[in-house]
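This report looks at how two protein chains meet. Keep the sequence and the structure in view while reading.

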2 protein chains.
Amino acid sequence: VPHPQSRTLADLGEFGLIAVVAERLGSPPPGVAVGAGDDAAVVAAPDGHAVVTTDLLVEGVHFRRDWSSAADVGAKAAAQNLADVAAMGASPTALVVGLVAPPQTETAWILELLDGLLAEASAAGAAVVGGDTVAGPVVMVSVTALGDLGGRPAVLRSGAAIGDSVAVCGRLGHAAAGLAVLSRGFRSPRTLVDAHRRPAPPYDAGPSAAQAGATAMCDVSDGLLADLGHIAEASGVAMVVDAARLTVDEPLVAAAAALGVDPLGWVLSGGEDHALAATFPPGSVPQGWQEIGEVVAGSGVTVPGVETSTPGYRHFAG
Amino acid sequence: VPHPQSRTLADLGEFGLIAVVAERLGSPPPGVAVGAGDDAAVVAAPDGHAVVTTDLLVEGVHFRRDWSSAADVGAKAAAQNLADVAAMGASPTALVVGLVAPPQTETAWILELLDGLLAEASAAGAAVVGGDTVAGPVVMVSVTALGDLGGRPAVLRSGAAIGDSVAVCGRLGHAAAGLAVLSRGFRSPRTLVDAHRRPAPPYDAGPSAAQAGATAMCDVSDGLLADLGHIAEASGVAMVVDAARLTVDEPLVAAAAALGVDPLGWVLSGGEDHALAATFPPGSVPQGWQEIGEVVAGSGVTVPGVETSTPGYRHFAG
């Protein structure tokens, strides 16, 4: 617990913050030879390889402090990286975290962010092993996640073959629908708003898809069509998606009716749910995955009967 | 080469930037099973462990765009992390990079930053294997570095023993003197200004210190006294530093005379040179290291005959 006079980061100072965070992290778990507190951490990489990925979360771009709690921001920062590890077919092992925050940020807010991050890491089986904190104009969280392939080759985006089944696992369109709801000034349906605040990637589905022989995989961060498009392009193939096989969950239908839009748009183009999308040899789509289409010759992704002009979210757009 | 109409990040867009960066990175080198372009990279960890560390560089806190070139910023962001890996006694293997930049940032500036980062990584033997880019209010670079211990245990801060020699390798005080010179509106001595812009950590000295039996090690990022203090505290010992054995390089003397200060202050308290400081059993300080003191019983770091009240740089200070 920080000293009561340490209400903001400016009061607490860099070394004070490091001490409080170190206390929160506790002893390093098994698989972490050296935890936080030295120049670097040392993490087990049992099969002689380390999966590594990094992602940034920026206030005003990815979240608003009035729409998301600190714990939500921490959980989301962890989840988007842990999902990338799972999308290689790997199990997450460790995270390191860079945090930029204005000096007047309340210490309690930062610690709540850390707790959300720790909880999400723990849910995915990963430990937080290090980090850095610096003052800056807005809150920014940079997370790097490491993972373990368990001796298997990584499942890349480039392995989809003609005739493969296309399948997804996890929620689609919920985060985008939640953001649309919040943008119109509503706070419900609660399940969608929560989905915007905190994704729920199906971490275990990554390694189990790899075990089932997935030929290509990625997480759905830009939107289903955009991310399937990345697999199609990397693999030199095309995909046909059957819209009738896509689940449009009831809260999406309700919110779409209230906002006067087609809920299928969220399912096809909504990003940031961090579901997993993969291709499998015919007949080998594992349990828990929904088969939604087929890999065919050509390029691009088509959804017969549906206009698909909406691209995924683009950064730096003017 | 970006399209001539892609003068800024807003023109180029996120995917345009990724394409240009991918072209710069080229094919993954040996030791990198999967390079940039997928959900994550896969890096060799030959001895079954991965060293991992992360650090942030923020515009206005760590650099100013009118004082440092883009290449300097990239090199500095890489160097501070690569030095942390070396300070564990490890050889750097890979970097992942998170970049936040305002949309109106010139594409050429970003590519120059990347080139500086690639050059420094290459000098340390590491590959850039992935990254993320997001729009934000100022430039921020988050780098995570991985390293390989070559089967040796990591050299922690906590291993210094009474009777050990204290030694340093690399420049001390140059970066702080360069910043002081720039702050007064000067542009010379050039060697000091360059040292502020771009540290020159002695990467190879980390693994070779480990081989020589170093008992504790860290890099000098906060200032020599502050960082020796971290080793002393973690090891439960004290250190006595002999100021007469510290090298005060000629440019420091000249700049100190011009600014009317004592150059020893920069050597003892100047941060961001990323030299290495370590303790060794008596008689085993390796070549290339300067012995500067001794580990004794007690706590803290003393420099007999010198007032040492200046702390290292602190973030979040009000």
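## Two copies, one surface

Of the interface residues of chain A, 100% are also interface residues in chain B, so the copies meet through the same surface. The model is a predicted one, in which local features need pLDDT of at least 70, side-chain atom pairs count only at pLDDT 80 or more, and totals for chains, interfaces and linings use all residues. Residues are numbered from 1 along each chain as its sequence is written, chains are lettered from A and ligands numbered from 1 in the order in which they are written, and side-chain values use heavy atoms, with hydrogens and water left out.

How is chain A laid on chain B? A turn of 180° with a shift of 0.0 Å along the axis does this, with an RMSD of 0.0 Å; the superposition is by least squares on the C-alpha atoms of residues with pLDDT of at least 70 in both copies. This is the relation of a two-fold axis. Among the residues of chain A, Gly48(A) comes closest to the rotation axis, with its C-alpha at 2.3 Å.

## The interface in numbers

In chain A, 68 residues are in contact with 68 residues of chain B, where contact means heavy atoms within 4.5 Å. The two chains bury about 5100 Å² between them, and 67% of this is on carbon and sulfur atoms. Buried area is the accessible area (1.4 Å probe) that two parts lose on being put together, summed over both.

The interface of chain A and chain B has 18 residue pairs in polar contact, both residues being at pLDDT 80 or more. A polar contact is a pair of N or O atoms within 3.5 Å; within protein, one must be able to donate a hydrogen and the other to accept it, and residues adjacent in sequence count only if both atoms are side-chain atoms.

Which elements of chain A each supply at least two residues of the side that touches chain B? They are α1 (9-25), β1 (32-34), β2 (41-44), β3 (49-58), β4 (91-101), β5 (127-135), β6 (140-148) and β8 (216-219). Helices (H or I, at least four residues) and strands (E, at least two) are DSSP runs, numbered from the N terminus. The largest share, nine residues, comes from β3(A). By type, the residues on this side of chain A divide into 42 nonpolar, 16 polar and 10 charged. Here Ala, Val, Leu, Ile, Met, Phe, Trp, Tyr, Cys and Pro count as nonpolar, Asp, Glu, Lys and Arg as charged, and the others, Gly among them, as polar.

β3(A) pairs with strand β2 (residues 41-44) of chain B in the antiparallel sense, over four bridges. Two strands pair if DSSP finds at least two bridges between them. Ala50(A) has Val43(B) in β2(B) as its bridge partner. In the other direction, four bridges join β2(A) to strand β3 (residues 49-58) of chain B, and these strands run antiparallel. There Val43(A) is partnered by Ala50(B) of β3(B).

Val43(A) is also the bridge partner, in β2(A), of Val32(A). Two bridges join β1(A) to β2(A), which run antiparallel. These two strands form a hairpin with six residues between them, and Gly37(A) in the turn has a positive phi of about 115°.

## Salt bridges and a histidine

Four salt bridges are found across the interface of chain A and chain B. A salt bridge is a side-chain nitrogen of Lys or Arg within 4 Å of a carboxyl oxygen of Asp or Glu. Arg157(B) forms one with Asp39(A), and the closest N and O atoms are 3.2 Å apart.

Arg157(B) is also touched by His230(B), as are Phe15(A) and Asp222(B), not counting residues up to four places away in sequence. His230(B) lies in helix α7 (residues 224-235) of chain B.

## Backbone details

The peptide bond from Ser188(A) to Pro189(A) is cis, with omega near 5°. Pro189(A) sits in the loop between α4 (174-183) and α5 (190-197) of chain A. In chain B, a cis peptide bond joins Ser188(B) and Pro189(B), with omega about 5°.
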